Amino acid sequence: MIFTDFLRRHVMMIAVALLATCGGASAQSVEDLVRQLPEGSYSDRAEIVSQIAATGDPRAANLLDALAAGELNVVEATGQIVTLSGRGDPLDAVDALTGESIGEVAKASVERIRVNNSLRRAVRTAVGQLTLMSGDANTRMTAARAMFQAGDPDNVELLDEAIAEEQNAAVLQVMEEARAVAILRSDAEPAAFAAAVDTIAVRGDRQALGILQAALSSATADVTPTIEKGIADIQGRLALLDVGQNVWYGVSLGAVLLLAAIGLAITFGVMGVINMAHGEMVMLGAYTTFLVQNFIRVSFPELFDWSLAFALPAAFLVTGLIGIAIERGVIRFLYGRPLETLLATWGLSLIIQQAVRTTFGASNREVGNPSWMSGSFDFYGIAITWNRFFIVIFALIVFAALLLVLKRTALGLQMRAVTQNRRMASSMGIRTPWVDAMTFGLGSGIAGLAGVALSQIDNVSPNLGQGYIIDSFMVVVFGGVGNLWGTLVGAMTLGVLNKFLEPYAGAVLAKILLLVFIILFIQKRPRGLFAQKGRAVEA
Amino acid sequence: MITQLFIRALGARLYWVVGLLLLAAILVPVSNLLLPIGHPLRVPNYMVALMGKYLTYAMLALALDLVWGYVGILSLGHGAFFALGGYAMGMYLMRQIGSRGVYGNAELPDFMVFLNWSELPWYWWGFDHFWFAMLMVMAVPGLLAFVFGWFAFRSRVTGVYLSVITQAMTYALMLAFFRNDMGFGGNNGLTDFREIVGYSIQAPGTRAALFAATAVALALSFVICSAITKSKLGKIMVAVRDAESRTRFIGYRPEYVKLFAFVVSAVIAGIAGALYVPQVGIINPGEFAPANSIEIVVWAAVGGRGTLVGPIIGAILVNYAKTWFTAAYPDLWLFALGGLFVAVTLFLPKGIVGTIGRYFEDRRDTKAARASETPDLPVVRPEKPPVHRLSGADASPQPAE
C-alpha cells in the first residue's frame with residue numbers, strides 16, 4: 001500500500017530513473033547522450049533530452065537551451081557537438097560541453113541539429129525539471145522567477161507539479177505567481193482566470209500592474225471586470241505606498257532640518273541673536289568628520305566603522321569652542337543690537353568659509369559611510385536607506401538629550417531663566433555672561449554634530465553651510481523660540497510639506513511655495529508656532 | 001525765496017552732494033568724449049562704465065539707508081528690488097534686439113526660441129515701448145514692496161523676524177528666476193543687448209550718457225530722501241525707529257510710515273537696477289542672491305547709516321576695494337569683506353560719516369559749553385546720549401520676542 005502510494009506520487013521521477021537505467025547498461029553520462037542527439041528522429045531526440053535532464057548534470061540546462069535555440073551542430077567527421085560563432089567560412093567552433101575552442105571548421109563539415117516544436121516542448125519540460133525541481137532552493141527560486149518573467153502558458157503543468165512538492169514558502173510564492181501569469185496568458189476558464197488575477201493583484205507591485213494591464217488589452221469581455229478590479233486594487237495599494245514613501249522622505253528631511261536648526265533655536269531663544277555663522281559651524285563639523293576619518297584611514301584602518309563615534313565628540317568640541325570664542329570675542333560687544341550681531345556673524349561666516357576654502361580647497365571632500373550605514377531595507381514596500389534611518393534616530397536622540405539638558409541640569413535651568421527674564425535672572429545671582437557664552441557654545445556644538453550627520457548624506461564643501469542656513473532660519477521663524485518642541489514640530493512639518501509638494505510642483509517650486517507659506521504664516525503668528533509667552537513690550 | 005527756504009531747510013550738505021554729482025555728470029562725459037585718447041585727464045571708457053556701476057550701487061545703498069537708518073527696517077532683500085528693476089530694463093533691451101539675435105526672430109528673444117516657445121508670454125507685452133518699460137521699472141518693485149510691506153508691517157513683524165523673511169523673499173525670487181520655464185531667461189539671464197532708445201549700447205557716447213543719467217538720478221534720489229527725512233514725516237520715521245510702541249500709543253501709525261518708506265526705497269532701488277543693467281550688459285538671477293543683499297547693508301554700514309551721504313560714500317569705497325582686491329588678491333577678498341562686517345559693527349557702529357559727524361558735533365558741543373561757562377559755576381557739559389542710540393536698547397542681550 002505504502003509502496004503503491006510512493007509509486008504514484010513519484011511516478012514521473014521513477015519513469016525518468018527507469019529510462020535512465022534502461023537507456024544503457026549503466027546511467028549514461030551527458031557526453032554519451034549528447035553524442036546520440038544527431039541520430040534518429042525527433043521523438044528519439046526527445047527521449048534523449050529527457051535522459052539528459054535526468055542525469056542532473058549542471059551543464060545539461062545550458063546545453064538543452066542551446067539545442068532548443070537551434071545552436072547545436074555536429075562535426076560530421078568526428079561526431080563532436082559544437083556551437084559555432086563568427087561569419088562566413090570557415091567558422092570558429094566551440095565544444096558544446098566543455099566550452100573549449102577547437103579552432104576553425106568549414107561550414108560544409110558541420111550540420112545543425114534540427115529541432116521541431118515538440119522537441120522544443122520536451123526541452124522546456126526537461127529544463128524546467130532540472131531547475132524547478134533541483135535540490136537547491138536558490139536554483140528553484142531563480143527558475144521560478146524566470147518563469148514569472150517569461151509567462152509562457154505551456155509552463156502551467158510544470159509549475160503545478162513543482163508547486164505540489166514545494167516546501168519553501170518564499171519559492172512557493174514565486175511559483176504560484178509564475179503559474180498565475182502563465183494562466184493569464186492562456187485560455188483558462190473564468191474561475192481559474194479570476195483566481196490567477198487575484199494572485200497577481202495580491203503581489204501588488206508595478207510589475208503586477210504591468211502584467212494585468214497587458215492581460216486587459218487582450219482579454220475577452222467576461223473576464224475584463226475581474227482584471228479591472230485587480231488593477232484598481234493594485235493602484236490603490238501603490239498610491240498608499242507612494243504616500244508612505246513621501247512621508248518617510250519628509251520625516252528624513254525634517255530630521256536633517258531639526259539637527260541643523262536646533263542649535264540656532266537655542267541661541268536665538270536665550271540671546272536674541274540670529275547667528276548667521278551657524279551654517280559654517282555645521283560645515284566645520286562635517287570637515288572635522290573628514291579629518292577624523294582620514295586620520296583613522298591612515299593610522300587605524302580597522303576602526304573605520306567606528307569613525308563616527310570618534311567624530312561626534314571631536315566635532316562637538318571643535319565647534320563648541322569656536323562658538324564660545326565667537327561669543328566672547330565679537331558678540332559680547334554687541335549686546336542689545338541684534339541686527340548688528342546678525343551682520344557681524346555674517347562677516348564671520350564669510351571669513352570662516354574663505355578660511356576653509358583656502359585650507360582645504362573649494363572642491364568637495366570625500367566622507368565615507370561606515371558599513372552599517374550603507375544600503376537600504378524594505379519596509380512593507382517602502383525603500384528606506386540605512387543612513388537616513390540612522391540620521392532620524394540620531395536627530396531624535398540629540399533632541400532628547402537637549403531636552404534633558406534644558407530641564408534637568410543646572411545650566412539648562414539658568415538658560416531657561418535667562419530666556420524668560422534676563423534682568424531678574426541676573427538679580428538672582430546667575431552669571432548671565434557665562435550663560436551666554438555656554439549657550440552659544442552649546443548651540444554651535446550641536447551644529448557641529450549636525451555637520452557630522454550631514455556629511456553622511458551631503459557633499460562636504462565650503463558651501464555646505466549656505467545650503468542649510470536659510471532652511472534653519474525658516475524652521476526657527478516658523479517654530480518659534482519659546483520651546484524646543486516648536487523646533488521639532490516646525491522642522492518635521494516643513495520637511496513633510498516640502499516632500500509632499502515635490503511630486504506635484506517639482507523640487508524648486510515646492511521650496512518657493514514653502515517660503516511663501518512661511519512669509520504668509522508669519523503674518524498670522526509673528527513670533528512663530530510656539531511663541532515665547534510673556535508681556536514684555538519692546539522699545 | 002522759496003528756493004532759499006528749501007535749501008536752508010535741507011541743509012548745506014545737500015548743496016555739496018548734489019553739486020558734486022552734477023559736476024561729475026558733466027565733467028566725466030566731457031573728458032571721456034572730447035579729450036583725445038592718451039590725455040592724462042581723460043577718463044577711459046572702462047572707467048566710465050565702472051563709475052556708473054558704482055553710482056548705481058550708491059543709489060541702492062541710499063535706498064537701503066532710507067529704510068534702515070531712518071525707520072529701522074533691516075531689509076536683507078533689497079537686492080530683489082534692484083534685480084526686478086534690472087529685469088524690467090533687461091526685458092526692454094531684449095525686445096530691442098529684434099531680429100538681430102542668433103535665431104533671427106523679430107518677436108521672440110533667443111532663449112524663447114531655444115525653448116521652442118511660439119509666442120511672447122503676456123508679461124512681456126508692452127516692453128518694446130520705452131515708456132512702458134520705465135513704468136514697470138518703478139511699478140514692479142514698488143508693487144512687491146507694497147504687498148510685502150502691507151502684510152508684514154500690519155502684522156507687526158519686526159526686528160530679526162522681518163529681516164529673515166525679507167531674506168526668504170529674495171531667496172524665493174532667486175529660485176523662481178533661475179527656472180528656465182519662467183520666461184525670464186532662466187539661469188543665463190538676459191544679455192547680448194544692442195540698443196537703448198535707438199542708440200547703440202556699446203558706443204562711448206551712450207555710455208557717457210548713461211553715466212550722466214545715473215549721476216543725475218542719484219542726485220535726484222538724494223534730494224528726495226533728504227526732503228523726506230528732514231520733513232515732519234522724517235521725524236516720525238525716526239520715532240518709529242527708536243520707540244515704535246510709544247509712537248503707536250501717541251497716535252501715529254507706524255505701519256503706514258514704514259510702508260511709505262519701504263515703497264519709496266524699493267522704487268529708488270528699482271531705478272538703480274534699471275540704470276545698472278545697460279552699463280553692465282547683463283542681468284541674471286544671481287542678482288537676487290541673499291549674499292548680494294547683505295553686501296548692500298555693509299556699504300550702508302561702512303559709510304554711516306542714518307546719514308544719507310554715508311551710504312553713497314560707503315558704496316563707492318567698498319566696491320572700489322572689491323574691484324581692487326579681486327584683481328590683486330582674489331583669495332583675500334572674502335576675508336576683507338568679512339573683516340569689514342565685523343570691524344564696522346564693533347568699532348564703527350556709526351560708519352565713517354557718522355563718526356566724523358559725531359566728532360564735529362562733540363567739538364561743537366564742547367565749544368558751546370566752554371563759551372557759556374561762567375567763572376564761578378562748574379562747567380556743565382551737555383548730556384551725551386548713549387552711544388548705541390540708533391538701536392535704542394540698553395546694553396544687554398535681549399531675549400527674542
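This is a predicted model: local features need pLDDT of at least 70, side-chain atom pairs count only at pLDDT 80 or more; totals for chains, interfaces and linings use all residues.
Visitor: How far apart are the end C-alpha atoms of helix 3 (residues 45-68) of chain B?
Guide: Helices are DSSP runs of H or I with at least four residues, strands are runs of E with at least two, and both are numbered from the N terminus. The expected span of a helix is 1.5 Å times one less than its number of residues. Helix 3 of chain B has 24 residues, so it should span 34 Å. The distance between its end C-alpha atoms agrees with that: 35 Å.

Visitor: What kind of model is this?
Guide: Residues are numbered from 1 along each chain as its sequence is written, chains are lettered from A and ligands numbered from 1 in the order in which they are written, and side-chain values use heavy atoms, leaving out hydrogens and water.

Visitor: How many residues of helix 3 of chain B are buried?
Guide: Buried means under 20% relative accessible area, exposed means over 50%, and partly exposed lies in between (1.4 Å probe, protein chains only). Helix 3 of chain B is mostly covered. Of its 24 residues, the buried ones number 18.

Visitor: Are the rings of Phe295(A) and Phe300(A) stacked or edge-to-face?
Guide: Rings of Phe, Tyr and Trp (its six-membered ring) pair if their centres lie within 6.5 Å; planes under 30 degrees apart are stacked, over 60 edge-to-face, and the rest tilted. The structure holds 38 aromatic pairs over all chains. In this one, the centres are 6.1 Å apart and the planes stand at 75°, so the pair is edge-to-face.

Visitor: How many residues apart in sequence are the parts tied together by Tyr87(B) and Phe177(B)?
Guide: These two rings form a tilted pair, 4.7 Å centre to centre with 55° between the planes. Tyr87(B) is in helix 4 (residues 78-97) and Phe177(B) in helix 7 (residues 159-178) of chain B, so the pair ties together parts whose separation in residues is 90.

Visitor: Which residue lies over the face of Trp68(B)?
Guide: A charge sits over a ring if NZ of Lys or CZ of Arg is within 6 Å of the ring centre and within 35 degrees of the ring normal. Arg154(B) lies over the face of Trp150(B), at 4.7 Å from the ring centre. Over Trp68(B), at 4.3 Å from the ring centre, lies Arg305(B).

Visitor: What is the phi of Arg156(B)?
Guide: Arg156(B) is in the loop between helix 6 (130-154) and helix 7 of chain B. At 46% relative accessibility, Arg156(B) counts as partly exposed. Although Arg156(B) is not a glycine, its phi is positive, about 60°.

Visitor: Which element of chain B has the highest mean pLDDT?
Guide: Chain B has a mean pLDDT of 86, and 90% of its residues reach 70 or more. Among its elements, helix 1 (residues 2-10) has the lowest mean, 58. The highest mean, 96, belongs to helix 11 (residues 254-280) of chain B.

Visitor: What ipTM does the predictor give the complex?
Guide: Chain A averages a pLDDT of 82. For the complex, the predictor gives a pTM of 0.76 and an ipTM of 0.83.

Terms used:
pLDDT is the predictor's confidence in each residue, from 0 to 100.
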